[in-house]
Amino acid sequence: MANTFRRIFQVIDGVKKLVGDGFDVCSPMPGSRIRQLSPYLLIDHTGPMPVQPTDTPLGAHPHPHRGFETVTVVYQGYLAHRDTAGHQGHLGPGDVQWMTAGAGLLHEEMHEREFSRRGGTLELIQLWVNVPAKDKLAPANYQELPATAIPSVPVAGSPGRIRVIAGEYQGVQGPAHTFSPLILLDAHLPEGSATTLRLPAAYNVGLYVVKGDVLINEHRPAHTKQFVVFGWDAPDIRLSAAEDSIVLVLAGEPIVEPLATYGPFVMNTNEELMQAIDDYENGRLGSFDD
């Protein structure tokens, strides 16, 4: 009897844009073909891009957020973060930052100063993750997850590995705390390797090809910077690497609630959005001294 794999709904190419003055981004979501894949709201893939040596770091200067979480996975280069809730941190290859905007804050994401001075290559993924209405105004929080703290499971028959950033996969628990059930995996697949991902059938699931060439369910190819969206009819997805590949696996229980969004604010009603804008404009989300 043939294997029954989870149905593929669509394969989406990203749209190029510039974020701040230091991030060349390709973004497949949100867009004309997909607004969200709840609880995931956005995928921004920066780079790989050259960073020219400079004494003035570039990046995304102070800006507000409320009502959701940002998740940053660094593949190449270094970032510096700070926010008005008092959190600061540096991220390098393999590190993950999981920031809860919650009730609101300003934050800044810049090329790390020493990295800026010497220059190099920058590549990272940032996700926006929704939270349930009851947690929209939770206290702002910051989880810094160094590469050494992120466990992995092996890919059978190869040196490949699947890093478990959040949720449980094959009995391994990721270190990130989340407000709703989700699984976030960072799969590194050498050329010629293959694995079957088993994920809860009722979860929304998408695969983002960070780099490489993969074959999905033994028949559908997907390439660098493509996002593959699946249905809910089976738990298994077969993934084969035609070349060395990295695939980010986004899976989660949908948050079935109204969604009201405006720029950097993700709430449930227009009234809540107006309050978020008013709080920002009147300095209630904090400020930096410099």
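This is a predicted model: local features need pLDDT of at least 70, side-chain atom pairs count only at pLDDT 80 or more; totals for chains, interfaces and linings use all residues.

Visitor: Let's start with the open sheet of seven strands; in which order do they come?

Guide: The pairing in this sheet is antiparallel. Strand 1 (8–13) and strand 13 (152–154) each pair on one side only, as the edge strands.

Visitor: Zooming in on strand 17 and strand 24, which residue stands opposite leucine 182?

Guide: Strand 17 covers residues 182–189 and strand 24 covers residues 245–252. The two run antiparallel, joined by eight bridges. Leucine 182 sits in strand 17, and its opposite number in strand 24 is glycine 252.

Visitor: Is tyrosine 280 buried, partly exposed or exposed?

Guide: Tyrosine 280 belongs to helix 2 (residues 270–281). To count as buried, its relative accessible area would have to be under 20%, and to count as exposed, over 50%. The value is 37%, so tyrosine 280 is partly exposed.

Visitor: Which residues does tyrosine 280 touch, leaving out those up to four places away in sequence?

Guide: Histidine 63 is 217 residues from tyrosine 280 in sequence, yet their C-alpha atoms are 9.5 Å apart in space. For touching, heavy atoms have to be within 4.5 Å. On that basis the partners of tyrosine 280 are Pro64, Leu106, Phe265 and Leu285.

Visitor: Now the largest pocket: which strand gives the most to its lining?

Guide: This pocket has a volume of about 360 Å³. Of its 19 lining residues, Val19, Asp44, His63, Glu109 and Gln126 are the closest to the centre. Several strands supply at least two residues each, among them strand 4 (40–51) and strand 11 (120–130). The top contributor, with four residues, is strand 5.

Visitor: And how many charged residues are in the lining of the second largest pocket?

Guide: That one has a volume of about 290 Å³, and 15 residues line it, with Ala80, Glu108, Met110, His111 and Arg113 closest to the centre. Strand 7 (79–83), strand 8 (88–91) and strand 10 each supply at least two of the lining residues. By class, the lining has three nonpolar residues and seven polar ones, and the number of charged residues is five.

How values were computed. Residues are numbered from 1 along each chain as its sequence is written. Side-chain values use heavy atoms; hydrogens and water are left out. Two strands pair if DSSP finds at least two bridges between them. Buried means under 20% relative accessible area, exposed over 50%, partly exposed in between (1.4 Å probe, protein chains only). On a 1 Å grid over the protein atoms alone, a cavity is a set of points where a 1.4 Å probe fits but cannot get out, and a pocket is an open set with protein on both sides within 12 Å along at least five of seven lines; lining residues have an atom within 4 Å of a point. Grid points are joined across faces, edges and corners, and a volume is the space filled by probe spheres set on the points. Ala, Val, Leu, Ile, Met, Phe, Trp, Tyr, Cys and Pro count as nonpolar, Asp, Glu, Lys and Arg as charged, and the others, Gly among them, as polar.
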